[in-house]
Amino acid sequence: MGKFDGVLLASDFDNTLIYTEDALRTGKPIPPLSAGNRAALEFFMEQGGYFTVATGRALPAFEKLAGMIPTNAPCVICNGAAIYDFAKGEYLETALLSEKSRERGQQVLDAFSQVGVEAYHVENVIHAVQINDSIRAHEHLTGVGVEEKASLLDVPLPLGKLLFEAEREDLEQVEQFIRNCGWAKDYELIYSGKTLLELTAKGASKGGMLRKLAQRLGVAPENTYAVGDEGNDLSMLEMSAVGFAPANCALSVRQSGVQIVCDAHGDALAEVIAALEKRYS
């Protein structure tokens, strides 16, 4: 029996588990998982805990990174649009966008020529429309090339999410446009970065999928924990028995009442696991 038997811990990837902002902004490679975080995660799993990653990245953007992270549970990907089991190489859960979502997304692009979008097909392809500097920077960060399309209407279904990309002030106009059209009630509309606005199906959030994963694993809500740094992490932080965040987290996360650990440049996950060890000692 290990001290973490029946405990599930989920971590965001970018700027939580590994600090990737420099790679996004400068073109530098994504750094490796720190030795401190790796040792702590291996200890957590050796003691019976389930560890997984809950990321906004789609399958093609995360599968090449999955091997560098020690996990022993399926991962929440595409900002909560799916649960993917890397050990089996298959989706366990999906929450997909409708054809109407694709049409609405194109209306957004028609209204905002400076805004681009990545459309995440569940079969390992990312299409892009109105490619801009933000998309190119994100393309470098993920290490996955996009397939350009003239219109979202040319992008094949099924889609897990639409990722609008531009400067923050432009994305705020996009968000308001979507709300003014009365569409927001049909979706999860969340910022996952300064230049990233994510649109997924209603209920397709990290928190919603983490809850489903916990149920699959037989983990009780009071033994489910999450750590994240951005607005798209709030749903899983709020459903967590205790939510954790690195010191570099967004203000909205900090104000949500999470427990703050060290900056993601350091061993943030090691601090989280040390806190959990006290709870289960």
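Predicted model: local features only at pLDDT ≥ 70, side-chain atom pairs only at ≥ 80, totals over all residues.
Numbering starts at 1 along each chain as its sequence is written, and side-chain values use heavy atoms, without hydrogens or water. Local features need pLDDT of at least 70 and side-chain atom pairs count only at pLDDT 80 or more, while totals for chains, interfaces and linings use all residues.

**Stop 1: the largest pocket**

Select Asn-15, Glu-21, Ser-192, Gly-193 and Glu-230. Of the 31 lining residues, these are the closest to the centre of the largest pocket. A pocket here is an open set of points on a 1 Å grid over the protein atoms alone, where a 1.4 Å probe fits, with protein on both sides within 12 Å along at least five of seven lines; lining residues have an atom within 4 Å of a point. The space comes to about 510 Å³. Volume is the space filled by probe spheres set on the points, which are joined across faces, edges and corners.

Now show α1 (21-26), α5 (133-142), β9 (159-165), β10 (187-193) and β11 (196-201). Each gives two or more residues to this lining. Helices (H or I, at least four residues) and strands (E, at least two) are DSSP runs, numbered from the N terminus. Colour the lining by class: eight nonpolar, 11 polar and 12 charged. Nonpolar covers Ala, Val, Leu, Ile, Met, Phe, Trp, Tyr, Cys and Pro; charged covers Asp, Glu, Lys and Arg; the others, Gly among them, are polar.

**Stop 2: the second largest pocket**

Go to Ile-18, Tyr-19, Pro-31, Ala-264 and His-265, the closest to the centre among 16 lining residues. The volume is about 160 Å³. The lining has nine nonpolar, five polar and two charged residues.

**Stop 3: helix α3**

Select residues 59-66. Six of the eight are buried (under 20% relative accessible area, 1.4 Å probe, protein chains only). They are Leu-59, Pro-60, Ala-61, Phe-62, Leu-65 and Ala-66. Their packing partners include β2 (50-53), β7 (125-129) and α5, with contact meaning heavy atoms within 4.5 Å.

**Stop 4: the cavities**

In a cavity, the probe fits but cannot get out. How many cavities reach 30 Å³ or more? The count is two.

α3 and β6 (116-121) each supply at least two lining residues. By class, nine are nonpolar, two polar and none charged.

Select Arg-104, Phe-164, Trp-183 and Leu-199, which are among its lining residues. Helix α4 (residues 99-111) gives the largest share, four residues.

Key: Buried < 20%, exposed > 50% of the residue type's maximum accessible area, 1.4 Å probe, protein only.
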